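Dear colleague,

I am handing over the two-chain structure we spoke about, and below it you will find my notes on what turned up when I went through it. Please read them with the structure open beside you.

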Amino acid sequence: QKEVEQDPGPLSVPEGAIVSLNCTYSNSAFQYFMWYRQYSRKGPELLMYTYSSGNKEDGRFTAQVDKSSKYISLFIRDSQPSDSATYLCALRVSSNTGKLIFGQGTTLQVKP
Amino acid sequence: SAVISQKPSRDICQRGTSLTIQCQVDSQVTMMFWYRQQPGQSLTLIATANQGSEATYESGFVIDKFPISRPNLTFSTLTVSNMSPEDSSIYLCSVTTGGTDTQYFGPGTRLTVL
């Protein structure tokens, strides 16, 4: 079993839709949770970073963490064609080592 | 955040040869890392580049295959040695900056081994 599971998609939605992206994990020691966006042929770009259960909002993006269920989500409201990319969840046990464990990434396409 | 550049951006190499990838940051950073992203796979940490000392390698990665240098706080190199087609991947440098433990990634080096 992988430490972090993420449905690779692809996920195709119409412009303006609400998008839900999810990861599940098995190791309860994970304490830090991130979402990265990666455009084709580019490096991952940090979108959201949280270390507690609950919701964190930034513009059209909301990150949700449920440590009891070992489940994290990223919601995108009013999705735009420019949101078309691969979204990767990344988890970390400790702030000291810096080692990130990544999900496989979900490819999202937002159609105009 | 930090501005990270990598050289080369892409390369096509022959089996058995070696390639050195450079990572340059525009400001001093606390930690530098090297990741690999194989086709259709997620990112996997190769090693943590330590300034002035040997890198710390993750399980499955060894110094003879992936020698790493970090001579100062803004620069690191990763060498992929004695390459085989299985080494065809994107190699990414990432850093954390002072006062924060969030990681930022470079644009990556796309390597194809024939």
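Between chain B and chain A, seven residue pairs are in polar contact, both residues being at pLDDT 80 or more; a polar contact is a pair of N or O atoms within 3.5 Å, where within protein one must be able to donate a hydrogen and the other to accept it, and residues adjacent in sequence count only if both atoms are side-chain atoms. On the side of chain B that touches chain A, strand 4 (29–37), strand 5 (43–49) and strand 10 (103–105) each supply at least two residues, and strand 4 of chain B gives the most, with four residues. Strands here are DSSP runs of E, at least two residues long and numbered from the N terminus.

Before going further, please note that this is a predicted model, in which local features need pLDDT of at least 70 and side-chain atom pairs count only at pLDDT 80 or more, while totals for chains, interfaces and linings use all residues. Residues are numbered from 1 along each chain as its sequence is written, chains are lettered from A and ligands numbered from 1 in the order in which they are written, and side-chain values use heavy atoms, with hydrogens and water left out.

**The interface**

The contact (heavy atoms within 4.5 Å) takes 18 residues from chain B and 20 residues from chain A. Together the two chains bury about 1600 Å², 50% of it on carbon and sulfur atoms; buried area is the accessible area, taken with a 1.4 Å probe, that two parts lose on being put together, summed over both. In chain B, the residues that lose the most area to chain A are Asp101(B), Gln103(B) and Phe105(B), which together account for 29% of what that side buries.

**Salt bridges**

Five salt bridges are found over all chains, a salt bridge being a side-chain nitrogen of Lys or Arg within 4 Å of a carboxyl oxygen of Asp or Glu. One salt bridge is counted between chain B and chain A, and in it the side chains of Lys99(A) and Glu58(B) meet at 2.7 Å, N to O. Lys99(A) is partly exposed at 31% relative accessibility, whereas Glu58(B) is buried at 17%; buried means under 20% relative accessible area, exposed over 50% and partly exposed in between, with a 1.4 Å probe and protein chains only.

Within chain B, Lys65(B) and Asp87(B) form a salt bridge of 2.6 Å, N to O. Lys65(B) lies in the loop between strand 6 and strand 7 and Asp87(B) in the loop between strand 8 and strand 9 of chain B, so this pair ties together parts that are 22 residues apart in sequence. Asp87(B) is buried, with a relative accessible area of 5%.

**Backbone points to check**

Most residues other than glycine have a negative phi, and most peptide bonds are trans. The peptide bond from Gly9(A) to Pro10(A) is cis, with omega near 10°, and another cis peptide bond joins Lys7(B) and Pro8(B), with omega about -10°. Asp78(A) has a positive phi near 45°, and Asn82(B), which is not a glycine either, has a positive phi of about 45°. Asp78(A) is partly exposed at 41% relative accessibility, while Asn82(B) is exposed at 54%.

With best wishes
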